[in-house]
Amino acid sequence: MNRPEEQPGGPPDPLARLLTGAARWLRLAELTVRTGRGITVMIAALLAAVILDAMTGLPPVGLVVLDVALAVALPASVIWVALALRQRGNPRALAIWLEQRLDIAGNPLINALDLSHTAGDGVSEPLRRRAIAQGADAAGGVHPRVAMERRPWRRAAWSAVGASALMLLSCALMPGVFRAVVPRLADPWGDHPPFTLLSFDVAVDPRPAYVGRAASIRARIDGPGVTEEASIVFVEPDGSRRRVPLLLAPRPVDGGGNAAQADAVHGRDFVLTIDRAERSRRFYVEAPSGRSEVHELTVLPVPLFERIAARYDFPAYTGWASRGGPVDRGVISALEGTRVTLTVTSNVPLRGGVISLSSIAGIADGKPATQPASRQVRLTPDAADPRRATAAFTVESSGEYSIAITGVDGTPGLKPSGGRLVCVRDAPPEVEIVEPDPVVIAPEGWPVQVQIEARDDIGLSRLSLHRGVNGKTPTPEELPLIGERPGSARATRGLAVDAASMHAGDVIRYFAVARDNKPPDGQSTDTPVHEIRVISMNEYLDLMQSQLRVEDLEAEWKQLEADLAALQAERAAMLEEMRKLQEKAGPPNGDDKKRMADLAKRLEQYEKKAEELAERARKQADRPMVFDFEDEFRRAAGETAEGLREQREAAKSLRGEMERAAKEDRASSDMKKQMERFAKTDRPFQEEDKQRMGAAKRDLETLRMADDLQDAAQRLQSLAERQRDLATRMAVARKKQGAEPPSPERMQRLAREQEELRRELEDVVSDLQHGAESAGERLPKMSESARQLADEIEKLDVSSDQLDGARLARQGDGPGASGASEKAASKLEGLLSQCEAVGEAAGNEIDRELSLAKPGTGQMLRDMAKRRAAAAVRRGGEGGGSAGAVATGKVGVVGPMPRSDRESRAEARRRGEGKGPGRAASVDDETSGGAERMGSSAATPRGGGGAGMPGVPATYRELTEAYFRRLAEDAQEQR
């Protein structure tokens, strides 16, 4: 057996190697154990800190304490682990540990270790050698790692692995907890939110916001325990906090209509609206059970347009006051020469800006231009309010404008603002002669009132009337401007048709000129030339006989009677009031004086009404007669006028005494006398006056009934002639061999004429039936003739033939249309004798029914109806006459006869507007001294068809043509 060499003074090599290796393995085991335990402790401490903060939401001081504890524990653990490296094994203890681990009997390792250090100390050398040899033999077959116990270090390693796994699992299962707590532990003073089960979705709109503009912060909070309360906490630069409650947005409703259940799905929405953002700010959303992270409300100081206002300083000549206001839809519209001051208000203080003005191509400063002209005006900040800037310019042409602004820090605006620039030119004035018509016929000695109206967009400076007689140069006359404002004026001037200097055939030509106040000389406008043609009084009366209807006189008389009845009722009421005053004894008290004052005012109104009615009755009495039977009515009107004047004088005297008595606090004997005089003055309210008025009214009603019946019969005669004329023209439409077929347009026109004749026939039948029914009691023979005529028309069924003619003409069937029209004409011509019978039946029957009119009135009405019918036939043709002289304007007639601009009863019935008479002109309607003005709308022609004189009232076109023919003949003789 080989023995290792003895090494005095130390253990043998195998034993030394074993002890050295065992010491290393033991240090490694200790290091492993300590490292595992240190990792486990640190992970446990970190998890505990995380859980503690997640559960309690520690304040920054608590977080600092945790951080300090963790900071101390970590280096302590490292030091503790590092100390394991410094440990040196005790050889004797290792030897004992190895003998115990290997269960070596006899202690060879410890004996060899002990004896190797005792040489020469009295120990037997052979024994020492043998012991050393035995220890070397025992150590030679042992590996040093057997000294390490595996269970402790494995347990420590598994502990570290388990702690690390727990950490990883916790991070995986609770990422929100670690995301919330770790930043808080890493930065205790960093204002990180504590862990919460709520989730916060915070949005800023707009992002970024702009200074001075509105912004909103919206927060959506989800998670368990969502409440209806939340706040925005603004973190100020100095660290202070300002809490602002959030408004709860409308709660969403789930499919079942349960809002509470919807919260669990949808969470809750909150909103905070900032009307005007001023600066950037940090904030977080806070709820009772948690808060969000800190967010940033970024507000950029970009200048934006908040308001653009304009002040308009108009040119001095307009006299307009300056005005201002916001620019509507970007349009600046002003009169040429207006000084416009624009004021721009921004959200931030301004350094300035510029307004770019560009004119429309083709117009620059009122002059032709080939390219748009442009110019710039600088905005100047307002010292009182740096957010405002102003600039002024004069409006000279239309175009566009653009405004760019710059913030006080030099930041330009995001985009310019602009719009249209409208330059309104000062238009020339408008002037019109509204009365009379462009061409007027007036009798000798009758004044013509000329009414002029002028308008201007700015103001008028002059209005003049220029007139000349029989071709002489017109002479101007300045007229006073009468109007409520400078831009509107009217003037009235009477042009006398003096019988001493003007005669039938003379012509007055006149026109008006208006001038505005635009510098330097104003703009002017002329009216077309108007004419007044003078005729004799006899010609005028002849003209009225073809125009004036009995219904006009009836309506006028009924109106006078109604006004007299109203005046009498007022007189009776005042007499009753006077009776009560007379019955009261003693001096008048306060109530009596008030009653007398009121009665005096009523008497004053009574005077005016009596005077107006007297004037109207006097005009009726004094005007020329058109009808022979008017003499009795004129006499009755004259007596009525006298009675009304007596009423006026009595009321005037009584009013004076009553006013004096009210002031003197006593009822004088003179007042009582005037009361008695007023009570006794009963004209025109006496019984005989009423009987005379009633008889006149009844006579006029009878005359009107007879006139309506005769007019309907004469219209039927005119209709028969026009139907024959149409049948003759339709016969040409028949297709003949070699003839060109009629055009569709002509057939359509003929169809329209036939339809018009059919409608007129239906009107005639209706008027005959209605007139016969109304006049049946007073004019039985005439009514019976009219009724028989209407029945015969319906029996012959003329309307069906006319309808067939119109229908076939529209279909282009010329022969069929001609036959139907011919049949209708023949039937109507067969009724002409019955038409004559209606007028012949009037004769003595009318005279017998009348109480005031003269004998022969029936025949006179018949002649008038024939004359109207003859005029209607001429109107229905396409004749010309001497119409060229007045073809370009309307012709009116003025004169002493009453105004006649109402449609007849027959026309009203045909239009479906009732059967009663129209309202006669009242006192308030009288103008120009009772002058009659008949325009083209005054007459309602019975017939249709073309007109030989456009613009001339149809009912007196015949007389007008004859008049102008005579003028032409006189002029030819003078040459």
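Which residue in β7 is the bridge partner of Leu247? The partner is Val271, within an antiparallel pairing of β6 and β7 (residues 268-274) over two bridges. The model is predicted, so local features need pLDDT of at least 70 and side-chain atom pairs count only at pLDDT 80 or more, while totals for chains, interfaces and linings use all residues. Residues are numbered from 1 along each chain as its sequence is written, and side-chain values use heavy atoms, leaving out hydrogens and water.

**Sheet**
- Four strands, in the order β1-β3-β7-β6, form an open antiparallel sheet (strands are DSSP E runs of at least two residues, numbered from the N terminus, and two strands pair if DSSP finds at least two bridges between them).
- Because β1 (199-205) and β6 (247-248) stand at the edges with a single partner strand each, one side of each is left without a neighbour in the sheet.

**Aromatic pairs**
- A search of the whole structure finds four aromatic pairs (ring centres within 6.5 Å, the six-membered ring being used for Trp; planes under 30 degrees apart are stacked, over 60 edge-to-face, the rest tilted).
- Among them, Tyr312 and Phe314 are stacked, at 6.4 Å centre to centre with 15 degrees between the planes, and both residues are buried (under 20% relative accessible area, with a 1.4 Å probe and protein chains only).
- The rings of Tyr606 and Phe678 have centres 5.7 Å apart and planes at 75 degrees, so this pair is edge-to-face.
- Tyr606 is buried at a relative accessible area of 1%, and Phe678 is buried at 0%.

Conventions: Buried means under 20% relative accessible area, exposed over 50%, partly exposed in between (1.4 Å probe, protein chains only).
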